[in-house]
Amino acid sequence: MTQIPFGNDNKRDKSRARALAAILSVGLVSLTGCGYHQVGAATHIPATVRVLDVPIFASKVQAYKTETVFTSAVVRELNTRTRYQIVSGNEKTVADATLRGTILAETIAPLTYDATSGQTSSYLVSVTTKVQLVAHDGTLLYSNDAFAWRQQYQSTQDLSGFVQEDSVAVRRMAHDFAAALVSDMLESFR
């Protein structure tokens, strides 16, 4: 068996340690520029966009007030997370960009059943929207033709309570949808 002098191992260890330190340094430096930036500073939304018009979402479904609930949630989310001035239907203010949404589909499907009564015990509400952010000059800044969102809610034995729970589920879903939409708009890359 051939023995390697102790001094050689020490040099190899130091060389490996330096290489490992260099790799870790490069990795850490690359992570500092990876997606962490100021809210409202998306790379594809020009800095000139300061005023957003958010008209009430259009609806192609026969659900009660889903479009107004979703629009309100998006406006609230934009107001709390960005520096944009939000106008909605104010014709006196010229917006730099317009965020338009359309509710394409809304379904309510039974999810679980109560074994003793045979009645549905929870439902799944699904909403699919089309959303576009268009600059004043017609440039498409953001687009998602099938932004889908789902929310589960528990049913009740009281038939009048069913309608009340349905609207609560849609409001809860609208809040989560708005947070996801604004994040997607601000963080997505074209």
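**Reading strands, rings and core**

Q: Which residue in strand 5 is the bridge partner of Tyr113?
A: The bridge partner of Tyr113 is Thr120, in strand 5. Helices (H or I, at least four residues) and strands (E, at least two) are DSSP runs, numbered from the N terminus. Before we go on, note that this is a predicted model, where local features need pLDDT of at least 70 and side-chain atom pairs count only at pLDDT 80 or more, while totals for chains, interfaces and linings use all residues. Residues are numbered from 1 along each chain as its sequence is written, and side-chain values use heavy atoms, with hydrogens and water left out.

Q: How many bridges join strand 4 to strand 5?
A: Two strands pair if DSSP finds at least two bridges between them. Here, strand 4 and strand 5 run antiparallel and are joined by 15 bridges. Their hairpin has 6 residues between the strands, and in it Gly118 takes a positive phi near 80°.

Q: In what sense do strand 5 and strand 6 pair?
A: They pair in the antiparallel sense, over 12 bridges. In this hairpin 4 residues lie between the strands, and Gly138 in the turn has a positive phi of about 95°. To follow the pairing by eye, look for Val125, which stands opposite Gln151 in strand 6, and for Leu124, whose bridge partner in strand 6 is Gln152.

Q: Is Ser126 buried or exposed?
A: The general idea is relative accessible area: buried means under 20%, exposed over 50%, and partly exposed in between (1.4 Å probe, protein chains only). Ser126, found in strand 5 (residues 120-135), has 16% relative accessibility and so counts as buried.

Q: Which residues does Ser126 touch?
A: Contact means heavy atoms within 4.5 Å. Not counting residues up to four places away in sequence, Ser126 touches Ala105, Glu106, Thr107, Trp149 and Arg150. Now step over to Thr107, which lies in strand 4 and is partly exposed, because its relative accessible area is 42%. Thr107 and Ala63 are 44 residues apart in sequence, and their C-alpha atoms are 9.1 Å apart in space.

Q: Which residues touch the most other members of the largest nonpolar core?
A: A nonpolar core is a set of buried Ala, Val, Leu, Ile, Met, Phe, Trp, Tyr and Cys residues joined through side-chain atoms within 4.5 Å. The largest one has 37 residues, and Phe70, Leu78 and Leu133 touch the most other members. Two or more residues come from each of helix 2, strand 4 (97-113), strand 5, strand 6 (140-154) and helix 3 (159-187). Helix 3 gives the largest share, 11 residues. Leaving aside neighbours within four places in sequence, the contacts of Phe70 are Phe57, Ile103, Val127, Val170, Met173, Ala174 and Phe177.

Q: How many aromatic pairs does a search of the whole structure find?
A: Rings of Phe, Tyr and Trp (its six-membered ring) pair if their centres lie within 6.5 Å; planes under 30 degrees apart count as stacked, over 60 as edge-to-face and the rest as tilted. The search finds 3 pairs. Phe147 and Trp149 are stacked, because their ring centres are 6.5 Å apart and their planes lie at 15°. Phe147 also pairs with Phe177, this time edge-to-face, at 5.1 Å centre to centre and 90° between the planes. This second pair links distant parts of the chain, with Phe147 in strand 6 and Phe177 in helix 3, 30 residues apart. Both Phe147 and Phe177 are buried, whereas Trp149 is partly exposed at 24%. Ring pairs link Phe70, Phe147, Trp149 and Phe177 into a cluster.

Q: Which residue forms a salt bridge with Glu77?
A: Side chains of opposite charge can pair when their charged atoms come close. A salt bridge is a side-chain nitrogen of Lys or Arg within 4 Å of a carboxyl oxygen of Asp or Glu. The whole structure has 1 salt bridge: Glu77 with Arg81, the closest N and O atoms being 3.3 Å apart. Both lie in helix 2 (residues 66-81), 4 residues apart, about one turn of the helix. Glu77 counts as buried at 10% relative accessibility, and Arg81 as partly exposed at 24%.

Q: What pLDDT does the chain average?
A: pLDDT is the predictor's confidence in each residue, from 0 to 100. The chain averages 77, and 67% of the residues score at least 70. Over residues 26-43 the pLDDT is below 50, and this stretch has 15 contacts in the model beyond near neighbours in sequence. Residues 159-164 are also below 50, with 4 such contacts. Where pLDDT is low, the predicted coordinates should not be read in detail.
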